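Please look at the two chains shown below and read the report beside them. It goes from helix packing to sheets and then to whole chains.

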Amino acid sequence: MNILDIQNLHTFFPITGGVFSKITGYIKAVNDVSLYIKKGEIVSVVGESGCGKSTLGLTALGLTPASSGTIALADKKIDIKKQHSWKPFRKDYQIIFQDPFTSLNPRHTIYKILSEPLLLHKVYTRKNVREGVIRLMEHVGLSTDYLRRFPHAFSGGQRQRIAIARAIGIKPKMIVCDEVASALDVSVQAQIIQLLLQLKKEMNLSLMFISHDLSLVKAISDRIYVMYLGKIVESAPSSDLFKKPKHPYTQALLNSIPTLNRNKKPAILSGEVPSPINLPSGCVFKSRCKYAKEECDRKHPEFSTIGDTHVACYFPLS
Amino acid sequence: MRHLIRNRSSILNRQPVLTVKDLTIAFETEEGLVEITDKVSFEILPGEIFGLVGESGCGKTITALSILRLLPQPGTKITSGSIFLKDRNILSLSYEQMRSVRGKEIGMIFQEPAAALNPLLPVKKQLMELFDYHKFPDDKEKRVAELLHRVGFPDPQRILASYPHELSGGMLQRVMIAIALMLSPSLIIADEPTTALDVTVQAQIMELLIEMQREIDTSILFITHNLSLIAQYANRLAVMYAGRIVEENDLDSFINNPLHPYSRGLIEALPDLNSENPQLKSIPGQVPQPKDYSFGCRFRERCNKAFELCTDKPELMSTGDTQKVACFLYKKEL
């Protein structure tokens, strides 16, 4: 069973201009994306900033309206034009945001932050919710002495634990983790990821992991989607993607990451990501691709399948 | 090989560009002075890229700001120590003298290029400002255009006429590098120069920075939390934890054999892209806040090798030609 199944999803943001706010163009944040996540799987979406990965995560949960396409949650199709069609699924699909300094209400105590979803979804009643909050805090490794404190009293890592506790309290089936570790220090980063993995195992969660950090993603994912300029350019099981990337962009991304190995210098991918408003014709990556040929100007390539890898490239690497 | 050795010794014999000695900086709070750095000492040699690595809040940025005398005022105070630029004591310079040091002798590249540039002025004005202040002679315009061309803009005139918001993060950082290099300073402080950028752009910017560093033969104080970047680009590094330098080492020996338990933890916490089955290891506990700094070794609560001696304060001591470490594990061996 697919816990999440997205077909041909588009999320366009209109750009308005002039006195009458006429729509002059669209930012094509998510442009024809198909993706699925099976039950119990950890799937990562990676890409550079502005490639649409966060928008994809938000659109999948109905937090940003989709322009077109189909979304099915647990095999049930959602009417993407109607906000309320997501409502029955809110309990099962949760999200943890990147910045724990802005995702927690500074005027609410930890008790309030954690008890709210529990009461809203009737997991606990007013009488016994305290017990539920305490159990949650212990579960994510926070001292229960902190119950009456406000978010400002916590460090980044602790705040992210609170955000995780809030998400898992109502026993969801899937969590979208949007850059959960990137605001944290390296020594704490691994703690948070390990906590998520442990919870995933205990609760049989599915995780959609949105990140720009390929080396982090490698350690945890079952499958990885690589996004560039609103499009998925490659999807593959984690081991295949790192061993033999098929898309030139994936290869460039992998080679540009600095490692501790001083004999292997990061390779340079020239140029910068083009604007998502005026997409280049043909393959979206061609302006930076060192293998680009005439064919690449025609239209954006369809996916081809090589083993378990799907790649959108006319000349996949071998 | 012999060539390398000769090079090394010639570096060792030269006078340091920058000498920071026993630098202690404190915040003035309602509860009195809270020390953020505790007797930080290091030297940067000519032509060297010196990495300063540590997690957020460890005092690395505040150390950099103190070298330029840009500490937030009022509220911060240098309570002890000295900073020498070649043989001039920076801390005793007057305000005007200090202004002539900034940009001319020490260049600075900040973390957020979008925040470091004035949003209301075109790029050209911001570049020319430096030339004007330091009374640079003629053909300024030509020089500025050349410089922008050098940092990778094929069309400098268009960039000069643009405002910062019209340029991308990578382009802005190129402009920042151009500003830092304009007057060929003998030291460049680069504080997290690529943290706000994407990995593919990060590699471009680092490569450019290193290339320019070689071209004008300057030294770089390279501050970052990213150990892999330091490993790729620096010659020597110092690791900071909770306001103290806990290890100083040259890069090759650091990566193969880190001395301080914290350094080892940092290296192990990096997910390894090359290993078949990467494991994530973490350091237990949290980075302490300056007001909670405890007595003795500040890493001891998170250290798996802590023993009874660690309640004393470890001093930075030499364990080899270029290695220094502040840890009692090495005292035992000596």
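Is the crossing of α5(A) and α12(B) left-handed or right-handed? The crossing of these two helices, α5(A) and α12(B), is left-handed. A crossing is called left-handed if the near helix is turned anticlockwise from the far one by less than a right angle, and right-handed if clockwise.

This is a predicted model, in which local features need pLDDT of at least 70 and side-chain atom pairs count only at pLDDT 80 or more, while totals for chains, interfaces and linings use all residues. Residues are numbered from 1 along each chain as its sequence is written, and chains are lettered from A and ligands numbered from 1 in the order in which they are written.

**Helix packing**

Two packed helices are described by the angle between their axes and the distance between the axes. Axes are lines fitted to C-alpha atoms, for helices over the stretch in contact, and angles run from 0 to 180 degrees between N-to-C directions. Helices (H or I, at least four residues) and strands (E, at least two) are DSSP runs, numbered from the N terminus.

| Helix pair | Angle | Axis distance |
|---|---|---|
| α5(A) and α12(B) | about 50 degrees | 9 Å |
| α4(A) and α5(A) | about 15 degrees | 10 Å |
| α8(B) and α9(B) | about 15 degrees | 10 Å |

Helix α12 of chain B covers residues 261-269. At their angle of about 50 degrees, α5(A) and α12(B) are oblique to each other. Angles under 35 degrees count as roughly parallel, over 145 as roughly antiparallel, 65 to 115 as roughly perpendicular and the rest as oblique. From α5(A), the residues that make this contact are V186(A), S187(A), Q189(A) and A190(A), and from α12(B) they are G265(B), L266(B) and A269(B). Two residues are in contact if their C-beta atoms, placed from the backbone, lie within 7 Å. The contact of α5(A) with α12(B) has 4 nonpolar, 3 polar and no charged residues. In this classification Ala, Val, Leu, Ile, Met, Phe, Trp, Tyr, Cys and Pro count as nonpolar, Asp, Glu, Lys and Arg as charged, and the others, Gly among them, as polar.

Within chain A, α4 (residues 156-168) packs on α5(A) at an angle of about 15 degrees. This makes α4(A) roughly parallel to α5(A), and the crossing is right-handed. On the α4(A) side the contact includes I164(A) and I168(A), and on the α5(A) side it includes L195(A) and L199(A). The contact of α4(A) with α5(A) has 8 nonpolar, 4 polar and 1 charged residues.

In chain B, the helices α8 (residues 169-181) and α9 (residues 199-216) pack with their axes 10 Å apart. Here α8(B) is roughly parallel to α9(B) and passes α9(B) in a right-handed crossing. Among the residues in contact are I177(B) of α8(B) and L208(B) of α9(B). By class, the contact of α8(B) with α9(B) has 8 nonpolar, 3 polar and 1 charged residues.

**Where the chains meet**

How many residues does each chain give to the contact? Chain A gives 33 residues and chain B gives 35 residues. On the side of chain A that touches chain B, α5 (186-203), α6 (214-220) and α8 (248-255) each supply at least two residues. The largest share, 8 residues, comes from α5(A). By class, this side of chain A has 16 nonpolar, 11 polar and 6 charged residues.

**Sheets of chain A**

An open sheet of 4 strands runs in the order β2-β1-β4-β5 (chain A), with antiparallel pairing. Two strands pair if DSSP finds at least two bridges between them. The edges are β2 (22-38) and β5 (76-78) of chain A, each with a single partner strand, so one side of each has no neighbour in the sheet. Strand β4 (residues 68-73) of chain A pairs with β5(A) over 3 bridges, and I78(A) in β5(A) is the bridge partner of I71(A).

A further open sheet has 8 strands in the order β6-β7-β8-β3-β9-β10-β12-β11 (chain A), and its pairing is mixed. Its twist averages 20 degrees from one strand to the next. Strands β11(A) and β12(A) pair in the antiparallel sense over 3 bridges, with V311(A) in β12(A) as the bridge partner of S304(A).

**Whole chains**

Chain A has 8 helices and 12 strands, and chain B has 13 helices and 13 strands.
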